[in-house]
Amino acid sequence: MMPGGFMMGAHSRLLPLPVPMRFFAAAMVFHPLAWAMLLAGADAVPGFRGGLGPVLAGLHLVTLGVLAMIAIGAAFQLLPVAIQRPLGPTWACGLAWWLYVPGVALLCAGLATGWVPALHGGAGLSVAGLLLAGLLIARCLIGATGFPGIRHHAWLALASLLGLAVLGLLLAVDFRTGWLPDHTAFAAAHAVLAGYGFMGNLAMGFTYVLVPMFVLGPAIPDAVGKRTGLLAALALALAVCGALAGLGWLAAAGGAVGLGAVGLHFAALRTALAARMRKRLESFFRLLFPAWVLLPVGLAVGIALALGAEPAITAPLWGFLMVFGWLLTFATGILQRVMPFLVSMHTSARGGKPALVSQLTADRPLLLHAVLHGVALLLVALGIIIQSVPMVRAGAAGGLAGALALLAFAVELGCRTRAHLQDNPPFSQGHT
Amino acid sequence: MDIKDKTTGPPAWLALALDTQPLDVRPVLAGGEDPFTLVMGHAEGIGAGQAMVVDAPFNPSPLRKVLAGRGFSSYARKLAEGHWRVFFLHDGAADWERQAEVVVMPEGAFTWDEDDGIHIDVRKLPPPQPMLAVLRLLDGLDGGRAVIVHHERMPHFLLPELAERGWRVARLAEEFANVRLWLERAP
């Protein structure tokens with residue numbers, strides 16, 4: 001066995017570390033840009049119901065640039081290891097990055113400025129990158145036998161990805177042609193599929209793998225994953241049909257079923273957390289707990305919106321709570337734990353002295369990010385409710401500062417990784 | 001964890017089993033299949049006072065415990081690297097515990113003691129139970145003994161936790177659905 005490949009042989013499911021890290025690095029860059037866009041368009045946030053401009057660009061910088069980016073990077077590395085199935089060639093993973101990252105940048109530039117060639121070109125590239133990533137993940141899932149609960153959520157996420165991509169392309173074209181019968185209804189269905197369908201199901205599925213592993217708790221029973229997957233599918237079908245058909249009560253029923261799925265999800269997590277071996281919860285839980293609170297709160301606001309309650313407030317508040325409140329908080333919490341974990345896993349697998357997660361993690365910027373992110377969520381949500389632009393602006397500025405703190409953490413992680421690799425070259429270990 | 005050291009010699013009944021044709025399960029394991037059903041089916045045909053011999057790539061202590069429950073005493077001998085011969089005598093398991101003392105952990109993993117260290121078999125356990133079992137064993141260990149993990153996959157997610165605890169994978173044997181890792185404290 002050659003040095004540098006101690007556990008990275010033919011049976012290994014480990015991709016080269018730069019493959020997932022490139023996606024995480026892009027997410028770290030898009031994250032402050034998203035808050036900056038929200039800051040630039042703060043005056044349009046209260047009462048926001050859609051339309052081109054910095055707010056829509058900021059929203060997509062989070063959903064596509066941060067959330068989906070993290071999801072793809074994590075899925076590429078963690079899914080093949082967890083379910084013991086090959087993902088696909090490394091070049092295809094690289095191609096997905098090269099299609100997706102410039103695509104997101106171009107699309108968001110188009111959304112911010114209204115420049116149609118950027119909008120269409122960016123949408124095309126983004127969808128191509130997403131679909132390639134989806135194909136690779138689907139290839140990994142086909143034939144897998146373990147983790148049935150997680151696979152249900154993963155398949156649901158991929159089906160949602162297909163739906164949201166089609167709706168997203170229609171919406172992008174509609175900005176110029178205006179041929180859709182109801183742009184807002186299609187945008188609502190697109191948002192449900194993107195937030196709850198694609199990202200939500202990936203978040204649930206990853207939670208079933210990662211949370212028990214990080215807290216050293218018992219596995220979430222497969223039956224729970226199957227039940228939450230079934231309820232989530234029903235909730236999505238009802239909510240999307242309700243949004244497209246303009247039937248608020250149907251969309252609200254979808255939200256209620258979604259709350260049921262969330263309840264089951266939380267009950268299972270509570271059991272796993274209660275029986276954990278690692279008694280002291282790590283710092284990333286200061287983001288996970290608020291994210292879990294904001295998930296049902298956002299759903300409740302969404303139900304109120306579907307039932308027609310104060311759309312000028314509930315529409316932007318629902319979108320903000322779902323995307324920035326729940327998903328962004330959850331994803332950045334998971335990311336700050338996964339990045340040093342992957343570095344440690346790779347340095348262990350290549351032989352030589354492994355890098356320790358505890359030594360790779362700079363806690364001060366993480367604490368700063370958590371505080372600023374929390375303040376930002378509070379101020380922007382309040383600004384939307386009381387229609388206060390200065391409050392939204394202050395919140396967005398806080399979010400931007402928090403995102404820069406998280407970027408500083410990522411840069412520090414990179415520096416510590418490089419220093420570790422220079423000081424501890426891999427050596428050949430026994431392999432028979 | 002209470003795992004006793006044993007330095008006992010071969011049992012007196014071994015002579016009864018030496019001429020028995022071995023059942024070699026190594027090709028079955030190499031083919032990615034679990035030979036448990038094959039061995040148990042073979043054991044069904046062994047009458048009282050008769051012997052059975054199994055060739056395996058490692059000392060199959062969990063199997064020996066299961067067969068002890070069916071009345072088989074056992075004795076294992078290492079013939080070469082990756083080749084163990086286990087002798088079974090259907091005698092009511094009067095002598096079953098010989099070098100087959102197995103402890104079942106809360107996660108369902110088997111642990112037993114051998115000359116080269118403490119073995120833990122976490123195969124067939126759903127994730128993350130294998131990781132929990134290994135870490136629970138390591139957390140309860142004193143001294144410098146090695147731990148040999150019998151796994152069915154490369155436990156990549158375990159590696160950062162090992163590193164945090166000051167353990168490392170010193171050696172690795174990897175076959176299809178049969179991975180063994182020799183863990184030792186990092187220098």
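The structure is a predicted model, in which local features need pLDDT of at least 70 and side-chain atom pairs count only at pLDDT 80 or more, while totals for chains, interfaces and linings use all residues. Residues are numbered from 1 along each chain as its sequence is written, and chains are lettered from A and ligands numbered from 1 in the order in which they are written.

**Chain B**

Select chain B, which has six helices and ten strands; helices (H or I, at least four residues) and strands (E, at least two) are DSSP runs numbered from the N terminus. Of its 187 residues, 38% count as buried, where buried means that 20 or more other C-beta atoms, placed from the backbone, lie within 10 Å of the residue's own.

Next, colour residues 14–90 as domain 1 and residues 105–185 as domain 2 of chain B; these bounds come from an automatic or database domain assignment. The centres of the two domains, taken over C-alpha atoms, are 24 Å apart. Eight residues of domain 1 of chain B are in contact with eleven of domain 2 of chain B, contact meaning that C-beta atoms, placed from the backbone, lie within 7 Å. On the domain 1 side, α2 (26–30) and α4 (61–68) of chain B each supply at least two residues.

**Where chain B meets chain A**

Now display both chains. Their contact takes 21 residues from chain B and 26 residues from chain A. To find the chain B side, select α5 (129–139), α6 (159–164) and β9 (167–175) of chain B, the elements that give two or more residues to it.

**Two helix pairs in chain A**

Select helix α1 (residues 18–40) and helix α2 (residues 54–83) of chain A, which pack at an angle of about 165° with axes 8 Å apart. Axes are lines fitted to C-alpha atoms over the stretch in contact, and angles run from 0 to 180 degrees between N-to-C directions. α1(A) and α2(A) are therefore roughly antiparallel to each other, the term for angles over 145 degrees.

Finally, select helix α7 (residues 222–245) and helix α8 (residues 248–274) of chain A. Their packing angle is about 160°, and their axes lie 7 Å apart. That makes α7(A) roughly antiparallel to α8(A).

Note on methods
Two residues are in contact if their C-beta atoms, placed from the backbone, lie within 7 Å. A residue is buried if 20 or more other C-beta atoms lie within 10 Å of its own, exposed if 12 or fewer, and partly exposed in between; C-beta atoms are placed from the backbone. Angles under 35 degrees count as roughly parallel, over 145 as roughly antiparallel, 65 to 115 as roughly perpendicular and the rest as oblique.
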